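Visitor: Could you take me through this model with the sequence and coordinates at hand?

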Amino acid sequence: MGVLAAFMVPHPPMIVPDVGRGSEEQIRETTEAYLQVAREIAELKPETIIITSPHATMYRNYFHISPGVHAEGDFGEFRAPKVRFDEVYDHELVNQITEIAFDLDFPAGFEGEKRKSLDHGTMVPLYFIRKYYSEGDIIRIGLSGLSLAEHYRMGMIIREAVEKLGRRAVFVASGDLSHKLQDYGPYGFSPEGPVYDRRIMDVCSRAAFDEMLEFDEEFCDRAAECGHRSFVIMAGALDGTAVEARTLSHQDVTGVGYGICTFYPKGEDGERHFYDKLTRRLEETSDGYVRLARASLEYYIRTGRKLRIPEDISEELKEQLPEEMFRHRAGAFVSIHKHGELRGCIGTIGPTEDNIAEEIINNAISASTRDPRFSPITEDEFPWLEVNVDILGEPEEIVSKDQLDVKRYGVIVTSGRKRGLLLPDLEGVDDVDTQVHIALRKGGIRPSEDYTLQRFEVIRHT
């Protein structure tokens with residue numbers, strides 16, 4: 001048993017006749033494809049229908065799985081309250097997914113539900129499925145603000161849980177494509193809109209799930225898509241599997257893209273372990289600075305001892321360490337993220353060691369075990385860590401905030417013996433005032449106090 005098939009489907013409320021009241025005829029092709037999906041699901045007779053929806057409970061750093069025994073919903077907010085649903089949840093499978101996530105220290109579970117009633121991203125697929133198939137419990141899973149790789153990993157966890165329980169399940173990835181395909185559409189037009197639709201439909205037609213992970217998230221935002229993360233979770237549920245893909249329809253007549261595709265597993269395929277390939281590729285593209293930082297923190301956490309060069313590093317790593325790391329001195333910051341969230345960051349404004357390599361080794365240990373904001377990192381977290389190294393240039397005195405640029409320069413604020421620093425080009429820091437304000441707060445300096453400014457450039461290694 002396991003995931004019998006997966007389906008990529010849209011969720012426009014107007015496709016339900018009681019909501020559309022005739023306007024659904026514009027997307028007749030999508031309706032016919034949806035009916036085909038419903039018939040195929042009925043033929044498969046799944047015990048569980050897994051639905052990922054962009055309109056279910058969503059958190060920035062956590063995947064929410066709807067809890068409880070059952071849930072109800074209707075299209076009342078779309079002026080069709082008589083179209084109702086009363087669905088039973090497969091709570092045993094929910095618990096199994098949650099247990100696996102807990103064991104992996106992966107951010108998914110059923111805590112924090114914001115809205116118990118079913119959302120339209122879930123109900124539109126069910127509207128069609130229930131025309132032909134009344135059996136099968138459901139699972140409803142929301143998306144998150146985490147990386148595409150973590151969404152893929154969520155799909156892998158779902159698949160593991162399904163197989164562990166021996167469930168016959170189908171996966172329904174609910175999500176519209178671009179919302180910016182036409183000037184007359186409700187969201188207007190963006191050049192990225194049609195590009196996104198063409199690209200995602202091509203990727204899905206070939207089941208090229210590795211390419212789903214390569215979509216730039218800023219590009220996706222400009223295209224105003226809502227389903228990409230849903231599709232990526234679905235792809236993860238088919239990791240390591242040969243897939244037969246079929247495109248049933250694609251329409252953009254309303255200014256919003258609606259695509260429907262089917263995916264049937266056809267046995268194991270060792271070349272389609274895309275998460276493992278992505279992880280290896282990221283490791284291979286990391287430069288010597290990052291690899292040294294990771295080696296330092298992993299060695300210290302495993303042994304309790306500081307990494308020594310050359311005694312404690314591999315021949316491969318030795319070859320990747322540039323000579324400049326041993327010839328020059330500079331301040332360095334090591335930043336560690338896990339599942340997209342900061343897990344530790346400590347550095348030095350100026351050089352404190354004989355060379356940059358020693359600076360990185362020490363700061364990697366401090367960032368992973370001595371950052372007072374976080375508990376020490378443990379060995380089981382290693383697979384989920386992203387490490388960055390910033391090498392600081394010489395600080396330069398400036399007389400005005402006008403001489404700062406948040407993308408290019410970091411800032412140091414000093415008042416007496418108090419000092420605060422903020423690196424450049426940080427997510428969420430989009431203007432100089434915010435940059436200086438955060439640096440002041442980090443240094444314990446009130447804005448009303450007299451302080452001096454310095455700027456510095458960094459070379460960032462990822």
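Predicted model: local features only at pLDDT ≥ 70, side-chain atom pairs only at ≥ 80, totals over all residues.

Visitor: Is N363 buried or exposed?
Guide: N363 has its place in helix α14, residues 356–369, where helices (H or I, at least four residues) and strands (E, at least two) are DSSP runs numbered from the N terminus. Leaving aside residues up to four places away in sequence, N363 touches A332, V334, I346, G347 and T348. Buried means under 20% relative accessible area, exposed over 50% and partly exposed in between, with a 1.4 Å probe and protein chains only. Because its relative accessibility is 6%, N363 counts as buried.

Visitor: Which strands stand at the edges of the open sheet?
Guide: The open sheet is formed by 6 strands in the order β7-β2-β8-β1-β10-β9, with mixed pairing; two strands pair if DSSP finds at least two bridges between them. One side of each edge strand is left without a neighbour in the sheet because each has a single partner strand, and these are β7 (137–142) and β9 (241–251).

Visitor: Which residue in β7 stands opposite T48?
Guide: Strand β2 (residues 48–53) and β7 run parallel and are joined by 6 bridges. In that pairing, the residue of β7 that stands opposite T48 is D137.

Visitor: At what angle do the axes of α2 and α4 cross?
Guide: Helix α2 lies across β1 (2–9), β8 (168–174), β9 and β10 (258–268). Axes are lines fitted to C-alpha atoms, for helices over the stretch in contact, and angles run from 0 to 180 degrees between N-to-C directions. The axes of α2 (residues 28–44) and α4 (residues 120–132) come within 8 Å and cross at roughly 55°.

Visitor: How many nonpolar residues are in the contact of α2 with α4?
Guide: The passage of α2 by α4 is a right-handed crossing, a crossing being left-handed if the near helix is turned anticlockwise from the far one by less than a right angle, and right-handed if clockwise. The contact is made by residues including Y34, L35 and A38 of α2 and F128, I129 and K131 of α4. Ala, Val, Leu, Ile, Met, Phe, Trp, Tyr, Cys and Pro count as nonpolar, Asp, Glu, Lys and Arg as charged, and the others, Gly among them, as polar. By class, the contact of α2 with α4 has 2 charged, 1 polar and 10 nonpolar residues.

Visitor: How many residues of strand β15 are buried?
Guide: Both faces of β15 are covered, since Y409, V411, V413 and S415 on one side and G410, I412 and T414 on the other are all buried. Strand β15 (residues 409–415) is therefore largely enclosed by the rest of the structure, its buried residues being 7 of the 7.

Visitor: Which residue in the turn between β15 and β16 has a positive phi?
Guide: β15 and β16 (residues 418–422) run antiparallel and are joined by 5 bridges, and in β16 the bridge partner of I412 is L421. The two strands form a hairpin with 2 residues between them, and the turn residue with a positive phi, of about 65°, is G416.

Note on methods
Residues numbered from 1 in each chain as written. Heavy atoms only, no water. Contact = heavy atoms within 4.5 Å.
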